[in-house]
Amino acid sequence: MAAVDSFQLLYREISRSCSCYFETLALVGALYTVSKAVILLRDCCMLVRVHFLPRLIPTKKLTQRFGDWAVVYGASEPLATAYAEELAKHGISIIFVTKDQTSVRDTAASLSHSYGVETIVVLADFSLDQTASKPIKEAMRGKDIGFLVNCLDESLAAPQSLIEIPEQGLLDLVNQNVAVATLMTRLVLPGMVERSRGAVVNISSGACCRPFPGRVALTASTGYMDHFSRALHLEYSSRGIFIQSLIPFQIATSGRHPPSTEGWFVPKPDVYARHAISTLGVSNRTTGYWPHTLQYGLMRCIPEWIWVLGSRVFINLT
């Protein structure tokens, strides 16, 4: 230590002995930065491939790729109606499955008149027993069913704690959004497998990505629909069946509580459906709308504990 007569000399000696550690840390930092840049580039390429290229590059008609008929369950929901209209624009006939004919009959007549397609409204109340599937089988008999669209019940979007939901109402929600959606898929899949083509589209919600206080039924139902779709994709994609999980974020519809205002991140149902249908055959799990994909990417960057804390504050303010 006698030779050390200044701080600068001591610092140089320490730096020389620790230079290998500094170089290692610099290398680790460089690798981390490169990995993040590669992930960002990958996500940007995927955004373009899923949401922009399909709308710019002509592809085969949906009727040629999948079939001439679509079965739409949850047809009273605005998003399901908008999706059915987009299918009708492509010349696809629609079988509406609903437990309330009055809310769908006018829509069916309008689609037939506007786009020259056939429409059938099937009354099926699955709260009774499984005999409700009989009229659906009769309606599908002899038809080239190329699409099944299952749509989540919009009423789940209203904030409500689990104990505030009546017992019968809770059973109905689970039955409608879990059991019946699964049964509808079971009814349609055999014909698709036989023809080695078809598409099953399950429209749930981006709520499946993160827990939401006050929306237990919503996150549970959407989580089931999303994982159900992903499992089906693994099981039936090799048989020519395209399974898609659509996980949109907020849609501007009057049925929400409180009513939502239309905007760039809150599209109308018809705008969302137009974007979402272009992703058919391209991505088996997507938000269906590119601004929502940006929201999803941001959500993934937020730690869950911060997300939960922020959502609780938001619920208390509203």
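A residue is called buried when its relative accessible area is under 20%, exposed when it is over 50%, and partly exposed in between (1.4 Å probe, protein chains only). By this scale Phe-52, with a relative accessible area of 31%, is partly exposed. The model is predicted: local features need pLDDT of at least 70, side-chain atom pairs count only at pLDDT 80 or more, and totals for chains, interfaces and linings use all residues. Residues are numbered from 1 along each chain as its sequence is written, and side-chain values use heavy atoms, with hydrogens and water left out.

**Aromatic pairs**

Rings of Phe, Tyr and Trp (its six-membered ring) pair if their centres lie within 6.5 Å; planes under 30 degrees apart count as stacked, over 60 as edge-to-face and the rest as tilted. The whole structure contains six such aromatic pairs, and two of them are listed here.

| Pair | Centre to centre | Angle between planes | Type |
|---|---|---|---|
| Phe-52 and Trp-290 | 5.5 Å | 50° | tilted |
| Trp-264 and Phe-265 | 4.7 Å | 70° | edge-to-face |

Ring pairs join Phe-52, Trp-264, Phe-265 and Trp-290 into a cluster. Trp-290 is partly exposed at 22% relative accessibility, as are Trp-264 at 48% and Phe-265 at 33%.

**Helix 6**

Helices (H or I, at least four residues) and strands (E, at least two) are DSSP runs, numbered from the N terminus. In helix 6 (residues 133-140), the buried residues are Ser-133, Ile-136, Ala-139 and Met-140. Seen down the helix axis, these residues fall within an arc of 120°, so they line one face of helix 6; the arc is that of the directions from the axis to the C-beta atoms. Their cover includes strand 1 (69-73), strand 2 (93-98) and helix 7 (167-195), where contact means heavy atoms within 4.5 Å. After helix 6 comes Gly-142, which has a positive phi, near 80°.

**Nonpolar cores**

A nonpolar core is a set of buried Ala, Val, Leu, Ile, Met, Phe, Trp, Tyr and Cys residues joined through side-chain atoms within 4.5 Å. The largest has 34 residues, and Tyr-83, Leu-87, Phe-96, Phe-147 and Leu-280 have the most contacts inside it. Helix 4 (78-89) and helix 5 (102-115) are among the elements that each supply at least two residues of this core. Helix 4 gives the largest share, seven residues. Apart from this core lies another, of 26 residues, which include Met-184, Val-188, Leu-189 and Leu-232.
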